[in-house]
Amino acid sequence: MSIHLHLRAVAEDGIRDDHTWLAAFMSEAWENHSAEYEAGVAVSIAKVWNAVDGLYAAAEALGADADEPWRLPIYGGRPVAHGPDADPSNPPLMLLEPVGVSRAARFLAAVSFDELWSAAGPGFTGLGRAREEFLDHHGALKEFYGRAASAGHAVVKAVWA
């Protein structure tokens, strides 16, 4: 079974704070994921996003900002509640507003991947995860959040199974 965390940048005034609407928007975005990835407005992580979040959490041990910006790239944002008429099979959704997107971008631009890997990586290699896999995810997220922040966009997150 394939499961992905899908992130999509979007102008804040181009979205509705409605689970049914956002689920349809993200479903269409997922169908066009290749083109959106190429355009720099989408990124996804298959299966290991929790481990990527764990890598970023190592920033706490490195003495990072007390506001915990390392929590933003993966799990940052607020859940978008299912409305009374929402299809319960729709994916869980989160919305990270532009200020959070900017904070995530600054964190990703400033953090040293090598230092994070030194602090947390040995635990991942024991699980059969290679450094290159995490470096690729970090690079993709850094580029994605940097573009989204520069455009003043929000980020919508969905989990697809």
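Is E68 partly exposed or buried, and what is its relative accessibility? E68 counts as partly exposed, because its relative accessibility is 28%, while buried would mean under 20%. The model here is predicted. Its salt bridges come to six.

**The E68 pair**
- E68 forms a salt bridge with R71. Their closest N and O atoms are 2.7 Å apart.
- R71 is partly exposed too, with a relative accessible area of 42%.

**A buried pair**
- Side chains of opposite charge can pair when their charged atoms come close.
- R8 and E36 meet through their side chains in a salt bridge, at 2.8 Å from N to O.
- R8 sits in strand β1 (residues 4-10) and E36 in helix α2 (residues 33-39), so this pair ties together parts that are 28 residues apart in sequence.
- Both R8 and E36 are buried.

**A linked network**
- A salt bridge also joins the side chains of D17 and R78, again given from N to O, at 2.8 Å.
- D17 lies in the loop between β1 and α1 (19-31), and R78 lies in strand β3 (residues 78-79), so the pair ties together parts that are 61 residues apart in sequence.
- D17 counts as exposed, at 52% relative accessibility.
- R78 is partly exposed, with a relative accessible area of 30%.
- E97 joins D17 and R78 in a network of salt bridges.

**Helix α3**
- Helix α3 covers residues 49-61. Its buried residues include W49, V52, L55 and Y56. D53 is also buried.
- After α3 comes G63, which has a positive phi, near 80°.

Terms used
Residues numbered from 1 in each chain as written. Predicted model: local features only at pLDDT ≥ 70, side-chain atom pairs only at ≥ 80, totals over all residues. Heavy atoms only, no water. Buried < 20%, exposed > 50% of the residue type's maximum accessible area, 1.4 Å probe, protein only. Helix = DSSP H or I, 4+ residues; strand = E, 2+ residues; numbered from the N terminus. Salt bridge = Lys/Arg side-chain N within 4 Å of Asp/Glu carboxyl O.
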